[in-house]
Number of protein chains: 2
Amino acid sequence: MKFIEGGVCAPTGFLAGGVLAGIKKNRTKRDLSLIFSQAEANAAAVYTTNKVKGAPLTVTKENIANGKARAIICNSGNANTCNADGYDVAKTTCQLLADALEIDSDDVIVASTGVIGQPLNIEPIKNAIPKLIHSISENGSAEAAEGIMTTDTKLKEVAVSFNIGGVECKMGGIAKGSGMIHPNMATMLVFITTDCAISSEMLNVALGGDVKNTFNMVSIDGDTSTNDMVTVLANGCAGNEEIISKGTDFDEFMKALNTVTVNICKKIAADGEGATKMLECEVEGAADDAAAKTIAKSVICSSLVKAAMFGADANWGRVLCAIGYSGAPVDVNKVSVSFKSKKGEIPVCQNGAGVEFSEEFAKEILLEPEVTITVKLGDGKASATAWGCDLTYDYVKINGDYRT
Amino acid sequence: MKFIEGGVCAPTGFLAGGVLAGIKKNRTKRDLSLIFSQAEANAAAVYTTNKVKGAPLTVTKENIANGKARAIICNSGNANTCNADGYDVAKTTCQLLADALEIDSDDVIVASTGVIGQPLNIEPIKNAIPKLIHSISENGSAEAAEGIMTTDTKLKEVAVSFNIGGVECKMGGIAKGSGMIHPNMATMLVFITTDCAISSEMLNVALGGDVKNTFNMVSIDGDTSTNDMVTVLANGCAGNEEIISKGTDFDEFMKALNTVTVNICKKIAADGEGATKMLECEVEGAADDAAAKTIAKSVICSSLVKAAMFGADANWGRVLCAIGYSGAPVDVNKVSVSFKSKKGEIPVCQNGAGVEFSEEFAKEILLEPEVTITVKLGDGKASATAWGCDLTYDYVKINGDYRT
């Protein structure tokens, strides 16, 4: 497997693009994106578990109930959530796009991201659809990635090539992250394409299995969004023998999917609202998988750990504290903690108590843009990794006046 | 019942004081406090549920196993947690104080607050105990309250007088709050005194019942401290007939206790680290008590709601979002939300969708130092209130470099 260029357009048969439709005033970036598969694709998606769900999710769920889709349309600047007419607006968006593309309306996946509770005006979308469908091309992944950004500061795209039964397949993804990121059996907005042939049933198995260890292990701010969705389109254009059951080919597919999703997770974490650094918490030696995940997420979610990391302060007591209140079974007297980055690794706690360490070296390690907090437990053999970011002045600034 | 002066010294038979022992370098406030009951008192306490527990909690739990205590000693500047010799240091502290006061060592409640994982040197405490026991007086509540402050900016004390069977009783409390505040069946450090005669069994019932609706409904930053404790000493000096069972007198006692604890909750919330305003979330019409509490806490804990309140931004979509991911059963289409303060009240959402409102008036309401978010559900008759504060630049500043 290797990383390649091209994002969601890397796989054969996918076009993408984005335009500025003017959905939110003052926006200068693109705000309406389209991903289009030239062949009918199998589709799978996972959605937010938030009980307040964006109207686009309801429509998407209906549309891909048959496991098929051709196009993904997504606007930023407005979440189309908690609006009395939200469902109708999302339906109309699908219909307008389908008419323009001459496809079925229920082959459209629709998504929205932005402010909750402000009516989404269909007019700018309606007016922009003609230029949107002309914008798509084999080189349009970055434009589509731009069109779904909210407070993101960086485009998020990735692609890999991999081998299924001697046939080269490709997979690509784009994502938006930044704030309201604390997925729970779902995630932020992530659109993945592949030309690998895989049945929609196995595509669902693959996606459902993967998100537990990837997107559900990311947290920026503990807030689970109303509009989270990850969706994968598999159009089979690579020409491999369709994957219809578990086995070697499915394992290869899972590896490719996991490579793409972990890469996106780290990009989302690194570009969390206001973040100056990406944090990774690796937990080893946990009693079971659930305990490992719970502890890793508890550390990554702690406001106090996050603020200490912003200050490059090796305040490991806060890591212990977050382990202790996680609710997971843990023998506190067997906990060891170290901080690690490109500059090296420094043990700060062994068997539940502090060890002497150089504050200067710790600071040097923690000033790096990617920091790993390693937690070793003495409870068993399970491990897990979670990703997040530091808590900074800019997080407060961005969210103190985001809406107006 | 009425509010009175005097804090923990308001009840008859209690003396308090505090001194600067020099536990943490550069501190200019007092850092070692003592509350002393001239008569043997019944004692009850609740502790943090964090699995990482401060050594002082272990010692306190042993010492009040018999339901009796005479003195509370508490230092700030060091939590005495995650230290190999922590238990011995806490035990020695009790012994040194008991010798000086000529009481039993197991009549001492010991508490610590501050940095986790740095050995607590017994020497400054040992040296300060003579002047500490000379510092206590009937006017020393404020000094004791100062000695337990960490990043608190305000002294927290309160006292009330109430009537049990025709006898005037008094109750007072001091607290430290500020950061790492997200109690779970326990709380931050709160010391309450009363001269009311009540059995230690009923004192435990009273405290255990009260904290569920008070301290456990406060969150500053979602981090449950390792050193949380609320303790009540009841020395019986008021001369009322001892409360030994439920009934009118017990109900009166509960009212007094609730008045003291709610007052302290609000003070802790208002003085959360970096806070510019106190937030209160009132939930009505919930399916049951658990749902009401879960929703109220979810709203008060949301980083996005907290940051919006800092910016006085009526971003009610974030309130809906927090209700939705709380995990509580809720019919989203029946949710109404309004913002309220001394300036008035403004409805912003009805039946799960936005209503038109004046942004100017909303801003005026949200600029006040105490803001209530009222959530009305259509699911049942249960209600709950939670308290918290906004998320500000100063929270990040305080916690980005607290330890060094």
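In what order do the six strands of the open sheet of chain B lie? In this predicted model, the order is β13-β12-β11-β14-β10-β15, and the pairing is mixed. The two ends of that order deserve attention. β13 (353-354) and β15 (382-389) of chain B stand at the edges and have a single partner strand each, so one side of each is left without a neighbour in the sheet.

Strand β10 of chain B, residues 278-286, runs antiparallel to β15(B), and seven bridges join the two. Within this pairing, L279(B) has G388(B) of β15(B) as its bridge partner. A helix also packs on the sheet: α10 of chain B, residues 359-366, touches β11 (336-341), β12 (344-350) and β14 (370-376) of chain B. The direction of α10(B) makes about 60° with that of β11(B).

The description now turns to chain A and its division into domains. The domain assignment places residues 2-270 of chain A in domain 1 and residues 278-400 in domain 2. The C-alpha centres of these two domains of chain A are 32 Å apart. Where the domains meet, 11 residues of domain 1 of chain A are in contact with 14 residues of domain 2 of chain A. On the domain 1 side, the residues that touch domain 2 of chain A comprise six nonpolar, four polar and one charged.

Between the chains, 53 residues of chain A are in contact with 53 residues of chain B. Which elements of chain A give two or more residues to the side that touches chain B? They are α8 (303-310), α9 (317-324), β13 (353-354) and α11 (393-400) of chain A. Of these, α9(A) provides the largest share, six residues. By class, the side of chain A that touches chain B has 24 nonpolar, 23 polar and six charged residues.

The same surface serves both copies, since 100% of the contact residues of chain A recur in chain B.

Note on methods: Residues are numbered from 1 along each chain as its sequence is written. Chains are lettered from A and ligands numbered from 1 in the order in which they are written. This is a predicted model: local features need pLDDT of at least 70, side-chain atom pairs count only at pLDDT 80 or more; totals for chains, interfaces and linings use all residues. Domain bounds come from an automatic or database domain assignment. Two residues are in contact if their C-beta atoms, placed from the backbone, lie within 7 Å. Ala, Val, Leu, Ile, Met, Phe, Trp, Tyr, Cys and Pro count as nonpolar, Asp, Glu, Lys and Arg as charged, and the others, Gly among them, as polar. Helices (H or I, at least four residues) and strands (E, at least two) are DSSP runs, numbered from the N terminus. Two strands pair if DSSP finds at least two bridges between them. Axes are lines fitted to C-alpha atoms, for helices over the stretch in contact, and angles run from 0 to 180 degrees between N-to-C directions.
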